[in-house]
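Me: Please show me the chain, and then we can go through some questions about how to read it.

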Amino acid sequence: MTEPIRFPTKIAVLLRNDLASWQRLNVTAFLVSGVASTLPELIGEEYRDADDTGYLPMFGQPVLVFAGDRATLVGAHSRALALARGLRLAIFTSELFATGNDRDNRAAVRAVGREKLDLVGVALHAPRNVVDKVLKGASMHP
């Protein structure tokens, strides 16, 4: 029997638990693009079917999705910043639902101080124990 692969790191998304279904999907897609864009080594090889049709490569390890209330997100954000050590987050704030392009998205985040961000989602990639500390209090998304 083949041993399961256990990765030393985690890719994790934490979503606020009061989002509509379409918002959860939208936020997750945007957040993981942030992780992928800065960590190309996480991307596996392209896929091919039996007819040799090529498909885009994806992450080479699972993405774990968690949920929590506003306080859980604020706590995770604070812990991630306190742990620092090069740990970077992708963030999605409630204001981004009202924008329609990258320039306006960045301006909406830039207009709010770190302590006042209305976070609806965060994503990170880090060693497993660091992700566990950052996401303390969050539960797996249902």
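Me: Is G137 buried or exposed?
Reply: This is a predicted model, in which local features need pLDDT of at least 70, side-chain atom pairs count only at pLDDT 80 or more, and totals for chains, interfaces and linings use all residues. Residues are numbered from 1 along each chain as its sequence is written, and side-chain values use heavy atoms, with hydrogens and water left out. Buried means under 20% relative accessible area, exposed over 50%, and partly exposed in between (1.4 Å probe, protein chains only). The relative accessible area of G137 is 64%, so G137 is exposed.

Me: Where is G137 found, and how many Å apart in space are G137 and F66?
Reply: Helices (H or I, at least four residues) and strands (E, at least two) are DSSP runs, numbered from the N terminus. G137 lies in the loop between α4 (128-134) and β7. In sequence, G137 and F66 are 71 residues apart; in space, C-alpha to C-alpha, the separation is 9.9 Å.

Me: Which strand does β7 pair with, parallel or antiparallel?
Reply: Two strands pair if DSSP finds at least two bridges between them. Residue S139 of β7 is the bridge partner of A67. Strand β7 (residues 139-140) has 2 bridges to its partner, and the pairing is antiparallel, with β4.

Me: In what order do the strands of the open sheet stand?
Reply: β1 (residues 9-16) and β4 (residues 63-68) run parallel and are joined by 6 bridges; V13 has V65 as its bridge partner in β4. At another place in the sheet, β5 and β6 (residues 119-127) run antiparallel with 4 bridges, and F92 has G121 as its bridge partner in β6. The pairing in this sheet of 5 strands is mixed, and the order is β5-β6-β1-β4-β7.

Me: Which strands stand at the edges of the sheet?
Reply: The order of the open sheet is β5-β6-β1-β4-β7. Two of its strands each have a single partner strand, so one side of each is left without a neighbour in the sheet: these are β5 (90-93) and β7.

Me: What is the radius of gyration of the chain?
Reply: The chain has 4 helices and 7 strands. The radius of gyration is taken over C-alpha atoms, and the globule rule is 2.2 Å times the number of residues to the power 0.38. For 142 residues the rule gives 14 Å; the chain is close to that, so it is as compact as a globular protein of that length, with a radius of gyration of 16 Å.

Me: Is N105 buried or exposed?
Reply: N105 is found in helix α3 (residues 102-110). Contact means heavy atoms within 4.5 Å. Leaving aside neighbours within four places in sequence, N105 is in contact with F30, L96 and T99. The relative accessibility of N105 is 14%, so N105 counts as buried.

Me: What is the phi of D52, and where is D52 found?
Reply: Most residues other than glycine have a negative phi. D52 is exposed, with a relative accessible area of 53%. D52 is found in the loop between β2 (47-48) and β3 (54-55). Although D52 is not a glycine, its phi is positive, at about 70 degrees.
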